[in-house]
Amino acid sequence: MSETVPVTLNGRAIEANKGELIIAAAERHGVYIPRFCYHERMSSVGMCRMCICEVDTGRGPQLTPTCMVAVAPNMIIDTESEMTKNVQQGVLELLLANHPLDCPVCDKGGECPLQDQAFSHGPGESRYIEEKRHFEKPIAISDIVYLDRERCILCDRCTRFADEVAGDALISFSYRGNETQITTFPDEPFSSYFSGNTVQICPVGALTAKPFRFKARPWDLSQQESTCTTCAVGCRIVVESSRDEVLRYMGVDSEPVNHGWLCDRGRFNFESVNSPDRALQPLVRERDELRGVSWNEALAAAARLINEARASGGAARVAVIGGARGTNEDAYAWSRLGHEVIGTPNVYSQMGDGLPADLLLLERATIDEAANATTIVLLAPDLKEELPVLYLRLREASEKKRSRILEFTPKQTGLTRYAWRSIGYEPGSQVAVVEEALADADIAAQLAKGNVVVVFGRMNLAETITAGVLALNRLLKAVPGSKLLPAFRRGNSLGALQVGMRTGPDGLNIRGVLQAAADGKIDCLVLVGADPLSDFPDTDLARRGLAGARRTIAVDTFLSASTARADVVLPACAFGEKDGTTTNLEGRVSKVVRQVSPAGNTRPDWMIASGLALALGSDLGYADVDEITLDIAINVPGFEEVTAASVAANPDGVVAGVPTAIPPVGLLEGVAPERNSYDLRLVVSRTLYDQAAGTAHSPSLAHLPRGSAVHLHPLDVARVGTRDGVEVKVFNARATVVMPVVADASVLRGTAWMPWNNPGPNVGELIDCFAAVNDVRIENL
């Protein structure tokens, strides 16, 4: 049976896909039908009527909203008839009857579909002379988004996105007739993690974003496509700038990755690139103060510190940690510097919150494969908080009945309400819970129905990864042919690991490095975009490790808590200030671009590594970033097809292969002790907004972290003998912290959940990174 149907479009015979909407079929064949409410990623509603055309299905021409009707055999479509033109002019005249003619002061001016179509399809003048309606404006419907109700044409795009795509139906229509308007619910702002998308898809200037309001006109902006590196999803974006300043990120509709959507953190953290708090010149510590110096002086000082450490006991006295913040080229240059030039095996890119490197050897699923799998198994953190656009893709798969989600979680997540089965567990019991689930007949039958993708990530920072890995192995063994989608959080974690930012023979990971430094066995730490005091789960060990290493070199864009203690600070370029490639969690390599000049006296990370190699008496041999990309393609297994040319020719990126060999990673003891009935098992995970540098230095985002608190199930709140909002003492053998308690039904009984790296008391003081699990006790003050 044919999958196409014959259709006549403006007198031309075409073949349309069966079931395809008329408006989509016409666009695919080069005919643009004007529209305002239609969006290819959302359901059709026919609200604006702008797409009405004459359509003959055999009963004579009829005016038809082309966004609501699918093609049919021998259908005749006329988008250029006089009737069609008259109707479209009438629709525009009605839309403009109450729309303010304030284009010169509207942020949408110059990229406004209403403005463009009024010019191309409008009557040229209006017969309306009556007073237009007026509302108070603008109204802040969230911390980021402003609403101008006078401009709204009631296209339903924003409300459909909030409901259908984001699942946060926090804006809706209210009132009736001529008074219909978009509003939020009383005392409930539009606090969606994806609110910025409504600004981008709004066809008029009714919704505007606070960070961009009145900053520039579209025709003043220069732009290039790039890849967001805020998390490991790798959303395609456009970086826009004016006067050599980054002013906006816009989502690009990439079919295999983000479908055009961005989370608000990824969309608005461009403000940090322009922050006055950037590290802009090399610094060297003298008499307990950091002093600005030249690059030659700073690199010479850094080389001296490394040589002193090597002279005191060999190259293993040096450790290079970090690298997941930068590009593949940055990570490759630093891995070569660490392994080849310095000669240390202690090179590692993850900060104790990642995944074992040998998981890269498993067969990887793509995001598309996960979003179309028969069964999606989640052994992962809360994707809405850590990988927001992956959350959107998997939520859509569940809502459209393509996939069933089987979730294992120590705390309810954003996907829990969309899961076919959600199974809670106490940290440390993952293997037993997975085995019990596999013995369930219904679950076994579901896993046997079709393709299975397991999304695996770090579910809890307050336990070792051991129990999770053992549960994953048990699951993969029980379901042959299943694929893994590793839920790395940091932007280029997978790329950094695969190109070489991992330990050599007998090398130490971050936990081992910090412990060795605390014991006096590591003399020099090189922090490449790493902040152990903020990122490593065990704060006490991070503090002792930094104190024990007598020499510290930091490469960073900001003076973080760890960088501020360094002996030498080498300022690095931020996102948008350098070229290169990045690798997302599925192994997709795509380009990142330099859109503005590097701030101050900063340099790309790879250039810093090359300069430091020269100061150490070696030459990495790189004159530009393309030479490193070529070197990676030649020398890194899995990257053979990843060249500058192939990445440039494929805007959606090139999927790298899996590496050929990575030594097995040793796991710590994973047997969790039985929990004392007076204690609560600690669960710690990240939230979208925290004190990360990109958030903390973006004024529009800096106030959004929720703050430190201990979240308990309401029944556990009563059992402890306290009340919601009351400050309590949370303690164990390691430390005591005081913070408010929050009654939270999403927390499982017998556990206590705390957000990581939020303002307030530091939960990291309670975590022992060598313990299988961590327990706490709670008492009233």
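Strand S12 (residues 236-242) pairs with S13 in the antiparallel sense over six bridges; strands pair if DSSP finds at least two bridges between them. The model is predicted: local features need pLDDT of at least 70, side-chain atom pairs count only at pLDDT 80 or more, and totals for chains, interfaces and linings use all residues. Residues are numbered from 1 along each chain as its sequence is written, and side-chain values use heavy atoms, with hydrogens and water left out. Helices (H or I, at least four residues) and strands (E, at least two) are DSSP runs, numbered from the N terminus.

Within this pair, valine 238 stands opposite methionine 250 of S13. The hairpin of S12 and S13 has two residues between the strands, and arginine 243 there takes a positive phi near 55°. Strand S13 (residues 245-251) is mostly covered, with six of its seven residues buried. Buried means under 20% relative accessible area, exposed over 50%, and partly exposed in between, with a 1.4 Å probe and protein chains only.

Next come the nonpolar cores. A nonpolar core is a set of buried Ala, Val, Leu, Ile, Met, Phe, Trp, Tyr and Cys residues joined through side-chain atoms within 4.5 Å. In soluble globular proteins, nonpolar side chains tend to be buried together. The largest core here has 158 residues, and Val233, Leu383 and Phe456 have the most contacts inside it. Helix H11 (residues 388-399) supplies the largest share of this core, six residues. A second, separate core of 50 residues includes Ala309, Tyr332, Val347 and Val642. Valine 233 is in contact (heavy atoms within 4.5 Å) with Val257, Ile367, Leu387, Val389, Leu390, Asn584 and Leu585, leaving aside its neighbours within four places in sequence.

One has the order S6-S7-S10, with antiparallel pairing. Strand S6 (139-140) and strand S10 (207-209) stand at its edges, each with a single partner strand, so one side of each is left without a neighbour in the sheet. S6 and strand S7 (residues 145-147) pair over two bridges in the antiparallel sense, and alanine 140 stands opposite tyrosine 146 in S7.

The other open sheet has the order S26-S27-S28, again with antiparallel pairing. Its edge strands are S26 and strand S28 (654-655), each pairing on one side only. S26 and strand S27 (residues 588-592) run antiparallel and are joined by four bridges. The bridge partner of threonine 581 in S27 is lysine 591. Helix H8 (residues 328-342) lies across S26 and S27, running at about 90° to S26; axes are lines fitted to C-alpha atoms, for helices over the stretch in contact, and angles run from 0 to 180 degrees between N-to-C directions.

What covers the buried residues of H20 includes H8, helix H15 (493-499), S26, helix H19 (605-615) and helix H21 (644-649). The buried residues in helix H20 (residues 625-635) include Val625, Ile628, Thr629, Asp631, Ile632 and Ala633. An α-helix has 3.6 residues a turn, so residues three or four places apart point the same way. Aspartate 624 caps the N-terminal end of H20, with a side-chain oxygen 3.1 Å from the backbone nitrogen of aspartate 626.

The loop between strand S25 (568-571) and strand S26 (580-583) holds glutamate 577. Glutamate 577 is buried, with a relative accessible area of 2%. A polar atom of its side chain lies 3.4 Å from the backbone nitrogen of alanine 599. For such polar contacts, a pair of N or O atoms must lie within 3.5 Å; within protein, one must be able to donate a hydrogen and the other to accept it, and residues adjacent in sequence count only if both atoms are side-chain atoms. Leaving aside neighbours within four places in sequence, the contacts of glutamate 577 include Val273, Arg278, Pro598 and Thr602.

Proline 755 lies in strand S33 (residues 751-755) and counts as buried at 2% relative accessibility. The residues that proline 755 touches include Ser685, Arg706, His711 and Val763, not counting residues up to four places away in sequence.

Finally, the cysteines. With a disulfide taken as a pair of cysteine sulfur atoms within 2.5 Å, the count comes to zero. For cysteine 158, the nearest cysteine sulfur is that of cysteine 155, 6.2 Å away; cysteine 158 counts as buried at 10% relative accessibility.
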